[in-house]
Amino acid sequence: MKKDSFFQKDGVKTLLASLISILIGMLSGVVVIIIVGIFNESISAGGIWDGIRLVFLGIFNKARDAATGTLMFGFNPTYMGNMLFRAMPLILTGLSVAIAYKTGLFNIGAPGQYLAGTCATLFLALSIPTSSVPAWLVWLIAFLGGMLAGALWGCIPGLLKSLLNINEVIACIMTNWLSASLVTWFFDMSSLKNVLEGTKTGYIYKTSMVINDVIVDGVQTVAGSSIPEGATVLATRGGVATSKMGLDILFKGSQVNGGFIVAVLLAILFYVIMEKTTLGYQLKACGSNRFAAKYAGIQDRRNIVLSMALAGAMAGAAGSLYSLSGNTEFFWTTYQSLPAVGFTGIAVALLAMNNPIGVIFSGIFMSYLNINGQQLTNLTAYNEYITDVIIAVIVYLSAFSLIVKTWLNHKRKKKTVSPAGGAAAHKEEVQG
Amino acid sequence: MAFLVRQTLVYAIPLMIVALAGVFSERSGIINLALEGMMIFGAFIGVTCMNVMVGLGWFDAVKASGNMWTMQWLLLLAMMVSAVAGCVFSLLLAFAAINLKADQTIGGTALNMLAPAIVLFLVRITAKQNNLLLASGDSATWFMIKKSMWGFDKSYKFGFFGDAFLNKVYLTTYFCIILFIIMSVFLYKTRFGIRLRSCGENPQASASLGINVNKMRYAGVMISGALAGLGGCVFAVTTANASANGDVAGFGFLALAVMIFGNWKPLPIAGGALLFGLFKCIAASYNTLDVNGDGVYALASIGLDSNFYRMLPYLITLIVLAFTSKSSRAPKAEGIPYDPGKR
């Protein structure tokens, strides 16, 4: 058998299709910027040029020159690090959507699972006293608890689908809003609302904050790291944050931490599970044809629930790691809106064609666009939503890039079919 | 009680009409996950259209003339413009799904992302904030049908019927109910409607009888886009106070749920929308709800948490789905790109 040339390899073609989608998406962003610039009197030609440069290179921007007002570009470690920081939850929610997609399920429930993970993690990290349990163990419990909560929440649509034949899209949408209300309810009753910093209303404590349960004049109350005189400390909570793992030295002044590395490791783990294990094979078999898989002796119902649980665990991990970074705050009255990072996960997975390794790169790419959009808002008359337009165009194109790929394969097959290869080609058709 | 009826209708009407929008698309064989996006786009265009009319001085001219009924025609015009906008926007889905045979779920998701992105991008540039509001007044001052417009003064007692259906209502409610009936009859009783539905069940058989499947599917998606765009405008006027901020509070997705809930059939959809609207209404106003008019807020006195009521609409939907989904039957050819060679 002849070996495929580099450009004929399946993976390379997928990558090329994604890169072409990205390019067209970016170009359509540029077109929108130019059109809006022309029709809006307040934007000059220079403003348009700044806008275009920032869409591509915002991450390398070093602010405007004070004297001339022109943009300066160069390596900016803060933005670079923040890009990796924001990529962390995107990789994980992308992974969540991708895992479910492999089993033929459309996990639009990532926002709800993300909230469930956030809720469990915040509760565990802020409730277990760090005065008696070491902080690293609290971190681990909180992280695993977040994943578990996401997994359980993901199980619900999975169970509804496998046992009662309820469309998973509807079940996911309903559980999203249920989760949003439940989380609001939980924090409303909890004692985790930030009362120590007077200006912060409606937020939960940062996990990195140190909270002391104290008794002052016979009344139990909470205090920050400075304990009032004559108070008895009952327990100390909080002070839990993900280790920086040296990334803060590499990217000075940024928010990046070890969570990014955890996310990448999880993506690699899922690549191995999906490609090299029986479990992964069974999940994918259910995705290609549930009934054929059942006929082959694979428990389709169990696998649907399992797939949703794994997907939920990843979305939960996203919320968990984001809240454990120590510098993020959670606005707990969340019942009116769902976290956007869950929905962006769909775009991340689609751009990566549901490949766990690809998800790492598409997640980083999405947060690269996100940082560029932030620069647009700060420095020009444009705003960050142009990057959402670009992402939408890319997802739109990815809807038929798969078709283009099969078409390319089909053309090649016709050319290379020989009497000897006929049987092989036929076999391929049956599989497809 | 009159308030409950009125408010339930306000929530139920957009759901009903947008769910019907979904029916037209899915019955022709195209999964329309983009209802949310189409609503968002329609709402934005509707509010923009109203703002243009404010800018032209039409609203003030009507107010000066003293006959507020004329406003209803302007509202109707804005709704029509929204419908056209939704229709144009839906062409993106139709093109990807029909001509390029793309994955319809992904195409719909893309439109759901595109609509708020474009809307927020433009709103932020023109309005310098994330919310496009009417330049003057709000939807209640301009569009609400009040007692005075029927020629009664404020002290007149309207009674239950009048309070529920004639006072403080919007034209959109009645327009949408009539449209819902017309479109349902159109889908079930006309030759076009039956042909459209056949394309969602067995397109190859339809084609063998000389029906152009692709044209029918284009028609289905475009009608769907028009109805969803109109629904977006209705939502903006009745619940969002004539503002557009790239968000319709998940109503598009809820409409999708109502559609599946209603088994892709108009009558159960109307029932489902009303049920959902009722619980949505209870969630929004349970603590001031006086069901039997004795001055006691019955639900508030039970003492349940407001978050419980907020969860009710979604919980009820899931429970009803659990009981009905065994008999649920989606259009057979839904989501499968039409391939003439396949039998």
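Figure 1. Chain B has a mean pLDDT of 86, and 96% of its residues reach 70 or more. Within this chain, confidence is highest in helix 11 (residues 213-238) of chain B, at a mean of 94. The lowest value, a mean of 68, belongs to helix 14 (residues 298-302) of chain B. Where pLDDT is low, the predicted coordinates should not be read in detail.

**Figure 2. The interface between chain A and chain B.** About 4000 Å² is buried between the two chains, and 77% of this area lies on carbon and sulfur atoms. Met174(A), Tyr385(A) and Tyr396(A) supply 17% of the area that chain A buries against chain B, more than any other three residues. In terms of contacts, 47 residues of chain A meet 44 residues of chain B.

**Figure 3. The salt bridge between Glu384(A) and Arg124(B).** The closest N and O atoms of this pair are 3.6 Å apart. The count of salt bridges between chain A and chain B is 1.

**Figure 4. A nonpolar surface patch on chain A.** Leu15(A), Leu16(A), Leu19(A), Ile20(A) and Ile24(A) make up the patch, which covers about 450 Å². One of these residues, Leu16(A), is found in helix 1 (residues 10-39) of chain A. Leu16(A) counts as partly exposed because its relative accessible area is 34%, between the limits of 20% and 50%.

**Figure 5. The surroundings of Glu168(A).** Glu168(A) is found in helix 6 (residues 168-189) of chain A. Its relative accessibility is 7%, under the 20% limit, so Glu168(A) counts as buried. Leaving aside neighbours within four places in sequence, Glu168(A) is in contact with Gly104(A), Leu105(A), Phe106(A) and Lys161(A).

Note on methods. Residues numbered from 1 in each chain as written. Chains lettered and ligands numbered in written order. Predicted model: local features only at pLDDT ≥ 70, side-chain atom pairs only at ≥ 80, totals over all residues. Heavy atoms only, no water. pLDDT = per-residue confidence, 0-100. Helix = DSSP H or I, 4+ residues; strand = E, 2+ residues; numbered from the N terminus. Patch = residues over 30% accessible without salt bridge, like charges linked within 9 Å, V, L, I, M, F, W, Y side chains within 5 Å. Areas by Shrake-Rupley, 256 points an atom, 1.4 Å probe, with all protein chains shown as cover. Salt bridge = Lys/Arg side-chain N within 4 Å of Asp/Glu carboxyl O. Buried < 20%, exposed > 50% of the residue type's maximum accessible area, 1.4 Å probe, protein only. Contact = heavy atoms within 4.5 Å. Buried area = accessible area lost by both parts, 1.4 Å probe.
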